[in-house]
Amino acid sequence: MSLGRSRRSFAFDDIKKKLERFCIYQERCHVEVENKMKEFLLIPEARDRLYLHLIQEGYLNEERFTRNYVRGKFRQKKWGRIKIIQSLKQKKIAENLIRKGLEEIDEEDYRETLFNLYESCEEKIKEPDKGKKINKITRYLLSKGYEYEVICKVGETLRKKV
């Protein structure tokens with residue numbers, strides 16, 4: 001049975017350097033570091049020492065990770081709050097850190113992004129039936145993680161402009 005990558009034994013300092021580089025490359029959460037550590041044959045005490053080192057030296061910081069993650073997923077991928085929250089929960093991020101991370105999303109930017117996505121989607125969907133078109137737009141925006149009520153308000157506002 002192969003796990004894709006072979007598990008090898010390394011010296012403690014080599015593993016520490018590899019994990020430091022792993023964390024420097026981009027912000028990481030504990031789950032990602034834990035998964036990376038599985039590549040190495042580590043006893044629990046060594047794993048704990050490595051975690052402690054990474055946290056104390058600032059390589060691993062869940063709050064910083066969460067804030068960067070929220071900013072990145074919102075600004076680059078245009079994800080809504082629901083999708084961001086679900087993704088962070090999968091990474092086992094604490095509720096209080098998720099709430100802090102969501103503070104990175106400015107309410108005005110959130111609505112403006114949703115408006116732009118709605119308008120863009122409306123232009124792309126070539127559906128003559130208005131009701132079906134609205135349903136398709138709504139389903140798309142729900143899949144991006146936006147709240148149903150907010151999507152409806154944006155849709156109403158745009159329809160009033162026309």
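Let me start with an arginine. The charged end of R28 lies over the ring of F22, and the distance to the ring centre is 3.7 Å. There is another case like this. R49 places its charged end over the ring of F12, 4.2 Å from the centre. Keep in mind that this is a predicted model.

Now, rings with rings. How many aromatic pairs are there? The count is 3. Take F65 and Y69. Their ring centres are 5.5 Å apart. Their planes meet at 35 degrees, so this pair is tilted. Stacked would need planes under 30 degrees apart, and edge-to-face would need over 60.

Where do these two residues sit? Both belong to helix α4, which covers residues 62-75. F65 and Y69 are 4 residues apart there, so about one helical turn separates them. F65 is buried, with a relative accessible area of 3%. Y69 is buried too, at 13%.

Next pair: F74 and Y110. This one is stacked. The distance is 5.9 Å centre to centre, with 25 degrees between the planes. F74 is in helix α4, while Y110 is in helix α7, residues 107-124. They are 36 residues apart, so the pair links distant parts of the chain. Are F74 and Y110 buried or exposed? Both are buried. And Y146 joins in: ring pairs link F74, Y110 and Y146 into a cluster.

On to α4 itself. The helix has 14 residues. From first C-alpha to last, α4 reaches 20 Å. That is close to the expected 20 Å, at 1.5 Å a residue.

Look at the start of α4. A side-chain oxygen of N61 comes to within 3.0 Å of the backbone nitrogen of E63.

Which residues of α4 are buried? They are E62, F65, T66, Y69, V70, K73 and F74. Note that a glutamate, E62, and a lysine, K73, are on that list.

To wrap up: α4 holds F65 and Y69, the tilted pair.

Key. Residues are numbered from 1 along each chain as its sequence is written. This is a predicted model: local features need pLDDT of at least 70, side-chain atom pairs count only at pLDDT 80 or more; totals for chains, interfaces and linings use all residues. Side-chain values use heavy atoms; hydrogens and water are left out. Rings of Phe, Tyr and Trp (its six-membered ring) pair if their centres lie within 6.5 Å; planes under 30 degrees apart count as stacked, over 60 as edge-to-face and the rest as tilted. Helices (H or I, at least four residues) and strands (E, at least two) are DSSP runs, numbered from the N terminus. Buried means under 20% relative accessible area, exposed over 50%, partly exposed in between (1.4 Å probe, protein chains only). A charge sits over a ring if NZ of Lys or CZ of Arg is within 6 Å of the ring centre and within 35 degrees of the ring normal. The expected span of a helix is 1.5 Å times one less than its number of residues. A polar contact is a pair of N or O atoms within 3.5 Å; within protein, one must be able to donate a hydrogen and the other to accept it, and residues adjacent in sequence count only if both atoms are side-chain atoms.
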